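Work through the exercises below with the model open beside you. Try each task before reading its solution.

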Amino acid sequence: MLSIEVVFSRMHSLYRNLGLQILGGYSNYLVQPTNGAQFNFVADDTFLKSTSGGIANDEATFLYGICRFLQPKKILVIGNSYGVSTLFLSLVNLESDLVALDKFRVNGNAVTRELLKDMHHKTVIEGSTPEDLIAIIDRYLGGAVDFCLIDAVHTDEVQTAEFKILQRYMSAKSVIVFHDVISTDLMKSFNQLRDLDNTFDFKLATKTSSGLGLAIKGDLEPEFESYLAYFTQNLDTVSRFSLAIDTLNLSRYFPAESIKAFKIPPHPQT
Ligand SMILES: C[S@@+](CC[C@H](N)C(=O)[O-])C[C@H]1O[C@@H](n2cnc3c(N)ncnc32)[C@H](O)[C@@H]1O
């Protein structure tokens, strides 16, 4: 497997060879991360090619670690756009079969094919989720998926429909990554997925930009479990940390022990 620095280096040069570059993911002190600026956007020297942001650099790095542990052979990318995640996962998994689909970004798919043209077993097609998934998995991945990134429609209904299909095709040791679960408020359906299939282990990667959801199948070795635990601290821990950081900031002006927030009234509020 290529090292992560070579993967980022090749991404940069492959896009550059086509007159393109990846914008976004800058320091939060330079560009506020609101409105999705922490995500990666493909651009030429004048235009963003698409308003759909690709996976953020921290998410790519996190997915690199998952691929190192999992060594997926069959990869499905739902939502290709201009290929940020497709190219990243292709470079990380050079020998694997990968298929990526997008319904609307026909030019993005063509750009991605050009980026991938010297790699083997990589396919980018026009296709629609969830209705085309079964045919695509059967035709391009031989009916089994080891790693799937979902980053297309971002509704509770489609997230659930995609999982209902994928649960039948995920291999014995496999991972589904749901992009934007926190950022596009897909928590409701994500939390209900375990009622559909409790053979998967569901985790929320709270230490990632969009709040990635994970559905994991099979037993993982302790180091892989510990790696995931690092990125998936629970929401209670996150909220206690958030309060601690607020207190730390305020304590520059007020003694820490004097800071007592107003309580929030319960619902319904009249
Ligand atoms: C956020 S972008 C994907 C970004 C990409 N994963 C990356 O890292 O660069 C979402 C993409 O999903 C596509 N999309 C939306 N609805 C879709 C559908 N029903 N089927 C397939 N693709 C769809 C959009 O055209 C858009 O390009």
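The exercises cover the ligand, the pockets, the cavity and some backbone details.

This is a predicted model, in which local features need pLDDT of at least 70 and side-chain atom pairs count only at pLDDT 80 or more, while totals for chains, interfaces and linings use all residues. Residues are numbered from 1 along each chain as its sequence is written, and side-chain values use heavy atoms, with hydrogens and water left out.

**Exercise 1. The ligand**

Solution. 
- Sort the shell by class. Ala, Val, Leu, Ile, Met, Phe, Trp, Tyr, Cys and Pro count as nonpolar, Asp, Glu, Lys and Arg as charged, and the others, Gly among them, as polar.
- Asp102 places a polar side-chain atom 2.7 Å from a ligand oxygen. For Arg105, a side-chain N or O atom is 3.3 Å from an oxygen of the ligand. Val84 uses a polar backbone atom, 3.4 Å from a ligand oxygen.
- Now the cover. Alone, the ligand exposes 600 Å², and the protein buries 92% of that (Shrake-Rupley method, 1.4 Å probe; for residues, only the protein chains shown count as cover).

**Exercise 2. The pockets**

Solution. 
- Set the rule. On a 1 Å grid over the protein atoms alone, a cavity is a set of points where a 1.4 Å probe fits but cannot get out; a pocket is an open set with protein on both sides within 12 Å along at least five of seven lines; lining residues have an atom within 4 Å of a point.
- Take the largest pocket. Its volume, the space filled by probe spheres set on points joined across faces, edges and corners, is about 580 Å³. It has 35 lining residues, with Ser52, Asp102, Asp151, Ala152 and His154 nearest the centre. Two or more lining residues come from each of β2 (41-43), α3 (84-92) and β4 (97-102). Helices (H or I, at least four residues) and strands (E, at least two) are DSSP runs, numbered from the N terminus.
- Turn to the second largest pocket. Its volume is about 160 Å³. The lining is Gly25, Tyr26, Asn28, Pro33, Gln38, Ala56, Asn57, Asp58 and Ser209.

**Exercise 3. The cavity**

Task: how many cavities of 30 Å³ or more are there, and which helix gives the largest share of the lining of the largest cavity?

Solution. 
- Count first. There is 1 cavity of 30 Å³ or more.
- Size it. The largest cavity holds about 70 Å³ of space.
- Check the lining. Helix α6 (residues 156-166) gives the largest share, 3 residues. The lining divides into 6 nonpolar, 4 polar and 2 charged residues.

**Exercise 4. The backbone**

Solution. 
- The bond from Thr129 to Pro130 is cis, with omega near 0°. Pro130 lies in the loop between β5 (122-126) and α5 (133-141).
- Ser81, a residue other than glycine, has a positive phi near 55°. Ser81 sits in the loop between β3 (74-78) and α3.

Key:
A polar contact is a pair of N or O atoms within 3.5 Å; within protein, one must be able to donate a hydrogen and the other to accept it, and residues adjacent in sequence count only if both atoms are side-chain atoms.
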